[in-house]
Amino acid sequence: MRFETALPDSLSEEQVADLLVRERARATELRGSGVLKRLWRIPGRRGVVGLWEAADATELHDALSSLPQFPWMDVRIEPLATHPQEQ
């Protein structure tokens, strides 16, 4: 999955700082539950590539929408299937 976050300019520095703290805490919880596997930043952008694992689309949506920054995220999901050589 790829996503980019565009926070509104109307947020104060304090609101942005609080949002980032809450985002990190929720991502840590999702990592602990095994839904969030890995994250990589895209240099020079506010973009992220993530590896997530969910039982179905609803579980993935619930995890993503639980992120505090979700309202400002542009998400692109690329479902993956196990390659026969990986089994």
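Me: Which element gives the largest share of the lining of the largest pocket?
Reply: In this predicted model, helix H1 supplies the largest share of that lining, with seven residues.

Me: What is the volume of the largest pocket, and how many residues line it?
Reply: Its volume is about 600 Å³, and 21 residues line it. Those nearest the centre of the largest pocket are Phe3, Glu23, Ala27, Leu39 and Val48. Two or more lining residues come from each of strand S1 (2–5), helix H1 (13–33), strand S2 (36–42) and strand S3 (47–52).

Me: And by class, what does the lining of the largest pocket have?
Reply: The lining of the largest pocket has 11 nonpolar, six charged and four polar residues.

Me: What about the second largest pocket: which residues lie nearest its centre?
Reply: Trp52, Ile77, Glu78, Pro79 and Leu80 lie nearest the centre of the second largest pocket, out of 20 lining residues. The volume of this pocket is about 480 Å³. S2, S3 and helix H2 (57–65) each contribute at least two residues to its lining. By class, that lining divides into 13 nonpolar, five charged and two polar residues.

Me: Changing topic, which residues have the most contacts inside the largest nonpolar core?
Reply: They are Leu30, Trp52, Leu64 and Leu67, in a core of 13 residues. H1, S3 and H2 each give two or more residues to this core, and H2 gives the most, with three.

Me: What is leucine 30 in contact with, leaving aside its neighbours within four places in sequence?
Reply: Leucine 30 is in contact with Val35, Leu36, Trp52, Ala63, Ser66 and Leu67. Of these, Trp52 and Leu67 are also among the residues with the most contacts inside the core.

Conventions:
Residues are numbered from 1 along each chain as its sequence is written. This is a predicted model: local features need pLDDT of at least 70, side-chain atom pairs count only at pLDDT 80 or more; totals for chains, interfaces and linings use all residues. Side-chain values use heavy atoms; hydrogens and water are left out. On a 1 Å grid over the protein atoms alone, a cavity is a set of points where a 1.4 Å probe fits but cannot get out, and a pocket is an open set with protein on both sides within 12 Å along at least five of seven lines; lining residues have an atom within 4 Å of a point. Grid points are joined across faces, edges and corners, and a volume is the space filled by probe spheres set on the points. Helices (H or I, at least four residues) and strands (E, at least two) are DSSP runs, numbered from the N terminus. Ala, Val, Leu, Ile, Met, Phe, Trp, Tyr, Cys and Pro count as nonpolar, Asp, Glu, Lys and Arg as charged, and the others, Gly among them, as polar. A nonpolar core is a set of buried Ala, Val, Leu, Ile, Met, Phe, Trp, Tyr and Cys residues joined through side-chain atoms within 4.5 Å. Buried means under 20% relative accessible area, exposed over 50%, partly exposed in between (1.4 Å probe, protein chains only). Contact means heavy atoms within 4.5 Å.
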